Amino acid sequence: MSVVLENLTVSYQRHPAVHHVSGEFADGEATAIFGPNGAGKSTLLKAMVGALRPDSGRAVMSHRRADIAYLPQQSEIDRSLPITVEDLVLSGLWHRSGAFGGVGRDGRMRVAEALATVGLSEFARRPIAALSSGQFQRVLFARILVQDARLILLDEPFNAVDAKTTYDLLALVRRWRAEGRTVIAVLHDYEQVHAYFPYTLLMAREVVAWGKTETVLTDANLRRAVERAAHWQDRAPVCRVDGEAA
Ligand code: ADP
Ligand code: MG
C-alpha cells in the first residue's frame, strides 16, 4: 500500500493553500501533520479524500475508496442530524452493505463491539445531538472501527476533547499502528506527536520537513514554519497555471 503526494497544489480562488507538496507517507505507520494555523493541513486531507480538486499534481493512493476513513475537524461536522449513535456508527458499514442494503446481525454485532471498545455501550440509542464533544469523538472512532479501513485520516481529532478521552483514543491509534494500518493525523500537541507518531510532516503551505518525528520537530524547523506563517497576513499569491507562484 502506498500514499504518495506528487507536486500537489490546492488553491481557493487560485490562492494556494497547499503548494508543491511532494512526498510519501510511511506505509503501515502513524504520521502526524504539524504546522501553524492556516498551514493547509485540512486542505491537504480534503484533497487526499477527493473533496477538493488539486490545481496541479496529485495524491496517489493504492487503497480502494472503501479502505479510507476520514474524520474531518469537529467544527465541520453537523451534529444536529436527527440520528442515533448506533445509526452513525452503522454508517461506517455502508461501503459493504450499500446505503439501503440490509446490515444484518453481523453488522449490528460489530457496531456493539465498537461502541464497547470506545466505552459507549449504553449510548447506542442516544441522539448524537445529546453527546459531549468527547463522547461524539468516541462515536466517530467507533465508526472508523467498524469501517475497518487500512488508511485512516484524522483532522485535529483531539480538539475540544477531554484528557481521558484523548488518552483512550490515542490507545486506538496505537492499536491501528500495531495492526499495520496507516494513520495520518493533524495534531497540535507536541508531546502527543512524540509519543504516538514516529513520523511527522511539518508544513506551512509547503513542506518544511518530512520524516522521522525527532528529526522533523527541531527548534530550527519549527521556527522556519512559524516564520513562513508570519508572512500570511496577505493572501498567498495567485498560483499560475505552470504551478509557480506569481
Ligand atoms: P489548517 O488546517 O492548516 O489550519 P486550512 O487548510 O484550513 O489550514 O487553510 C489553509 C488556508 O486556506 C488558510 O489561509 C485558509 O484561510 C484558506 N481556506 C481554507 N478553507 C477555505 C475556503 N473554503 N475558502 C477560501 N479559503 C479557504
Ligand atoms: Mg485545519
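Guide: One term to begin with: a residue is called buried under 20% relative accessible area, exposed over 50%, and partly exposed in between, using a 1.4 Å probe and protein chains only. This is a predicted model, in which local features need pLDDT of at least 70 and side-chain atom pairs count only at pLDDT 80 or more, while totals for chains, interfaces and linings use all residues. Residues are numbered from 1 along each chain as its sequence is written, chains are lettered from A and ligands numbered from 1 in the order in which they are written, and side-chain values use heavy atoms, with hydrogens and water left out.

Visitor: OK, is His63 buried or exposed?
Guide: His63 is buried, its relative accessible area being 8%.

Visitor: And where is His63 found?
Guide: His63 sits in the loop between E4 and E5, where strands (E, at least two residues) and helices (H or I, at least four) are DSSP runs numbered from the N terminus.

Visitor: What is His63 in contact with, leaving aside its neighbours within four places in sequence?
Guide: With contact meaning heavy atoms within 4.5 Å, the list for His63 is Met1, Ser2, Val3, Ile68, Arg150 and Leu151.

Visitor: Switching topic, which residues coordinate the magnesium ion?
Guide: Ser42 through OG and Gln73 through OE1 coordinate the magnesium ion (ligand 2), at 2.1 to 2.2 Å. Donors here are N, O and S atoms within 2.8 Å of the metal (3.2 Å for Na, K and Ca), and since water is not among the atoms, sites may look incomplete.

Visitor: What does that pair tie together?
Guide: Ser42 belongs to helix H1 and Gln73 to the loop between strand E5 (68-71) and helix H2 (85-90), so the pair links parts that are 31 residues apart in sequence. Both Ser42 and Gln73 are buried.

Visitor: Now the sheet: in what order do its strands come?
Guide: The open sheet has 3 strands in the order E2-E1-E4, with antiparallel pairing, and two strands count as paired if DSSP finds at least two bridges between them. Strands E2 (15-25) and E4 (56-61) are at the edges with a single partner strand each, so one side of each has no neighbour in the sheet.

Visitor: How many bridges join E1 to E2?
Guide: There are 7 between strand E1 (residues 3-12) and E2, and Ser11 has Pro16 in E2 as its bridge partner.
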